Amino acid sequence: MQALEMEQAESLTGKHRRRARTKIGNGKSGNNASTSCLASMAQTRSFVGKVVVVAALTFLLMMGLASHSPDDGKSGDGPAVAKPAVSNGSANVDNGVAATAQPNASPTTKVTAAPVPTTAPVPAAAAAVATTPTQSGALPESRASEGFSAYSKFATIVPMPQVPLPEETQKEALGAKWGHWHFWDGDEDTRPPDDFTAKFPNRDVTAEEFPEDAWQGDAVFVNHILNDADQLITRAMEAIFTEYGHGKPLPNEKLAERMKMFHWDKVDLATQTTPPSKYGVGGSRGNGGWTTRRSYQGLVRRLLHAMMTQDTFTVVMGGHSAAVGQGNHFRQSYMMQFHKILQPIFARVGVKLITRNMGQGGMGTSHSAMGSGSIYGNCDLLIWDSGMTEKGDLDLIDLFLRQGLLSGDRVPVVWGGNFEVLRHLHENADVDVGEVGTGMDGVIMVESEAQAKTIPWAARYMACADSAKDLCTTEPRFCAKCWIDRDDGVKPTTGQRDSPRGQVKWHPGWRSHQLQGRVLAFSVLDALSAAVNEWSEGTMGGPPLADDAWHVTDYYNNIRTKLRNLNDGHCKSISDKLPERMCTVPMQARTQYTPRANPEQTSLTSIIKPTSDGWVPKNNAELLYTGPDAHNTCYDIPDGELDVYAVVAGRRRHRNLEAGHEDENGTTPRRLDITPALTPQHNLSTDGNVGNSNTQSSTDTLYATDDTEAKRQHRQLDDAIVPGKGWGVFDEPAGYCDGTFDAVCALQADNECALYGHHDARGALVGNELSGWLVMKLSDLVEGIIVLKLHTWHTDNESTLTQGWTSVNNQRTRNLRESPVHHQTSSIPQERNLMRSYDTPELPDAFVFEYAINGKITSLNKKDFLEKKKQVQRVVETITLLDDASFTSKPQDVEVAVRMRNCGRQCTFGVSHIYWA
C-alpha cells in the first residue's frame, strides 16, 4: 500500500518537480532542492521513511498548486498528470508479487529497492497497434509523430520468429512466481520530441544540456526504471541458473558452487604474463571467462552510455563454422540464443540490442577484418571465435582486433583471441579485453539413464560420466529441419535434404550453442547489473548521472590514439601479404559476401559505375515466400521445462510501436513476419520502404559530380575505361542477410535446405576477359591504400552473362542495349561445391591483369600477377593495388577499374571485396 501511495504522490508532483529543480550534485538547475533530496530518500526500504516522503511530496504538491499561475497555459496540469490511473486494485497485487514472490537474491550487488509504479491502463487504440503491425514495418500513422524520448518506443517487446510471446495464462503464472515488469513513463507526452543527443560527439550530452523535461533528469523516472531493471536482471540470472538445475532454494554451499558456472576471473595483466589456468593449453575453459577490472568497468561504461542516450548496443561475432552454428538452424546458434534472452531486457531499459552472427564456414576472419567497420558495422562488444581456422595466426588475430577497434564510430570491448595479443593491446593501448568460457563447470553430469531424466532438458546429456558415455553419444546433438510442409502449399523446387549439411563431430549441437549463449548473456547481465547499481548510487543526490561515469568520447579517443601509434605487436607480420599500415589505419570495404552489416550500403554493387545505358549487376534471387515459417518443433521447450525468454519477456506490452527493428542506420529491414518478399537483395530502399529495385540511382548520384573530370583523366588505349557489361552477381543469397535474429536470408526455391536460415555465403562479381572493365568508385580515400580480394578459381560456366559471347561486351555481334541477355544475372547455387578447388588454375602465358586508379592503367603479365597476388588465408586471395601514404593530402573519391586480357572465358575471376583507406 505504501508503494501505491508513493506512486500517487509522485505522479501528481511530477511536472511541478521538473519545473522546480535546483542545481544539485551534477548540475541540473531549478529552485527547489528538497524535491531531489526526497527522491533520493524514496529509495529507502524503511516504512517510516516512505511515510515521510509521501507526506513531504504531498506538501510540495500543495505548495506548487498554490503558486501555480493561472496564465501558465497549463491549468489542466493536475488532471493531465493524474491520468496514469492507479485505482484498480490489480496493481497492488502485482506490486506485492514483485516484492514477495520473486527469487530472493541476486548473484551480484544490487541497488536498494524503490517504490514500484503501478501498471498503466492500455488504451484500446494502443492495444490495436500492439496486435496489428503495418505491412511495411513502418510506424503506424498515429504514432509517427511521437518523440525521440518516448519510452514506449524503445520498451516495446516485439515477437521474434519462432519465439512466441507467452500466453496470458502463462504470463500470469510466471508473474506469480518470478515477478512482473511494472515501469512505465506517465509523463511521456511531455518529453523532448527531438533527438537532442545527436549534436554531441558520440551522443555525450553534458548534464547541463539535458532539456528540462528529459527523463534523464527526472528523479521519479530514473528511480523507478532502475528499480524495475534491477529486479528484471535478477530474475533473468536466476532463471538461467534454474534452467540448468541450480535454482533456489539451495543450501549456502550450493549457492557458492553454482557461481563457478558463470564466474569471470578478474586478472591483473600488468603482472600476469600467462593465461588463467583454465585458458592455457589443455584448460577446460569451463567457467564464464576472464577479463580485467578496468575492462569490466569499460563494459559497464558502454552499457550506461547506451541507456543514458537511448542508443543501440551492438554485439558482433566473427568466427568459423562451429561458431556460426553450422549443422543447426541459424537461430539456434549461440549468438542468436544470446540475443533471444537479452533483447527484451535491453528493450525495457530503453536500449535496442543488435546482435550479429557474422561467422563463415571454412574460413578465418581476415577477409572481414580488413573492412571491419563496414562489414561488421559499429559494435560495442566484438567477439573473435575462430580457433579452428586461425588459432596460430597471431598476426591476423591482431589485425581482427585492431581493425575492430579502429574502424566504425565506436570502440568495442573485445573478447576472444590469443592471450598474448590481448595482453599487449590492454597494456599498451588501454583496450578492454576478455575471453569467454563455456559454462561447462556447472553442467550436471549424467550418471545413468534414470538420473538423466532428472536433469533439466537444457543440460541433459551434455556431460556424461565414464560409465554413461553411450548416453551422451546416442542422444542426437542436432535438431534441424530443411523443410516443413505448409498449409499454403508452397514448396521449394529443389528436393530437400533430410537434415542440413554440417552435422559433423567438430560442430556443436543446439544444447552447446544454447549454453554458450547463456554464458554470454549472463556475462553481459552481470555488467548490466553493475551499471544499474552504479547509476543508482551515482544519482543519490539527484539525476542526471555524472558525465564522467558514462561519457565515451575521451575514452574512445585515448584508445584509438594509442592504437594508431602502436608500432609493435604481431600485426606487423602481415607485411609480407598486406600493407603493414592496415594495423594502424581504419579501413573501409565493400563486398558481396554475406552476412554484412547494412547490406544495401556495403555491397560491391553499390559502388559500381553504371554502363552507358544505366545498368549495373544486381542480385535477382527471390525469396520463396513471405510471412512466418511453419511451426518448427526444434525450437520448442518441453512441457514442465523453464522458458527463460518467457520469464524476461512477459508483461507490459501496451504499445507495439514497430513490428521489426531498425538497423544502425535507422532502416527497418525485411523481417520474416511483416513484409512482402524482397525480390533481389537490392530491393530495399535506404528509408526502409520495400519497392522496386533502384540500384542505378545511387550509383548515378555517386558518379554525377565528377564523371566528366574522370573521363578527362582516362588513359586512352585500344578502348577507353568504360564499364563492362559482362560482370554478374554470383552466389549471393536472397533476402536481407545482415547476421541478425529476425532477418530472412537464403530462403529460396533452389536451396536444398530452405529452412536452414544461415546467412553465410561467398558472393562475388564474376567475369572474364569478355566482361570488360569493372569500374568502382571509392569515397573518402585519404591514406593511399587499396586492396582487392579475388576469387581466381571460378569456372567459365559460372559467368553466365558471357556465355555465347565472342568479344568484349559482345559488341561485334549484337547491340547490347537491345539484347535480352543484357539484363540477366548469374545463377546462384545455394550450396557451394565443398569439393571444388580454390587454387588458381593454369593461366595462359599471354594472360594480362590490368587495373586503373583514376584512369592510370597498370598492366601485370602472368608472372607479375601471380607474384603480386597473395594468399592471406584459405580462400583469401588479395592483390594490393595501392600502398602509398603520399597519394593524397586530403580525402578524395577515387575511381578503380579492373579487367583481364588475352584469356577469353578461360580466366573467370570473382571480385568479392575491395578495401581502402
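G724 touches T611, W615, S771, G772, W773 and N809, when residues up to four places away in sequence are not counted; contact here means heavy atoms within 4.5 Å. The structure is a predicted model, in which local features need pLDDT of at least 70 and side-chain atom pairs count only at pLDDT 80 or more, while totals for chains, interfaces and linings use all residues. Residues are numbered from 1 along each chain as its sequence is written, and side-chain values use heavy atoms, with hydrogens and water left out.

G724 lies in the loop between α26 (707-713) and β9; helices (H or I, at least four residues) and strands (E, at least two) are DSSP runs, numbered from the N terminus. With a relative accessible area of 10%, G724 is buried, where buried means under 20% relative accessible area, exposed over 50%, and partly exposed in between (1.4 Å probe, protein chains only). Along the chain, G724 and V775 are 51 residues apart, yet their C-alpha atoms are separated by 7.9 Å.

The protein as a whole comes to 27 helices and 18 strands. Of its 917 residues, 61% are buried. Among contacts between residues at least 6 apart in sequence, 80% join residues at least 24 apart.

Helix α11 (residues 293-308) has 16 residues, which at 1.5 Å a residue should span 22 Å, and its end C-alpha atoms are 22 Å apart, in agreement; the expected span is 1.5 Å times one less than the number of residues. Because 13 of its 16 residues are buried, α11 is largely enclosed by the rest of the structure. Q310, with a positive phi near 50°, follows α11. Helix α17 (residues 394-406) has 13 residues and reaches 18 Å from its first C-alpha to its last, close to the expected 18 Å. In α17, 13 of the 13 residues are buried, so this helix is largely enclosed by the rest of the structure. Just after α17, G408 takes a positive phi of about 75°.

H758 is placed in the loop between β9 (728-730) and β10 (764-767). The residue is buried, with a relative accessible area of 9%. Its side chain reaches the backbone oxygen of G325 at 3.3 Å, and a polar atom of that side chain lies 2.7 Å from the backbone oxygen of N328. A polar contact is a pair of N or O atoms within 3.5 Å; within protein, one must be able to donate a hydrogen and the other to accept it, and residues adjacent in sequence count only if both atoms are side-chain atoms. Residues touched by H758, beyond those up to four places away in sequence, include V324, Q326, H329, F330, C745 and A746.

By contrast with the buried H758, K890 is exposed, with a relative accessible area of 58%. K890 is found in the loop between β16 (876-883) and β17 (892-901). It touches L781 and V782, not counting residues up to four places away in sequence. K890 and L781 are 109 residues apart in sequence and 8.1 Å apart in space, C-alpha to C-alpha.
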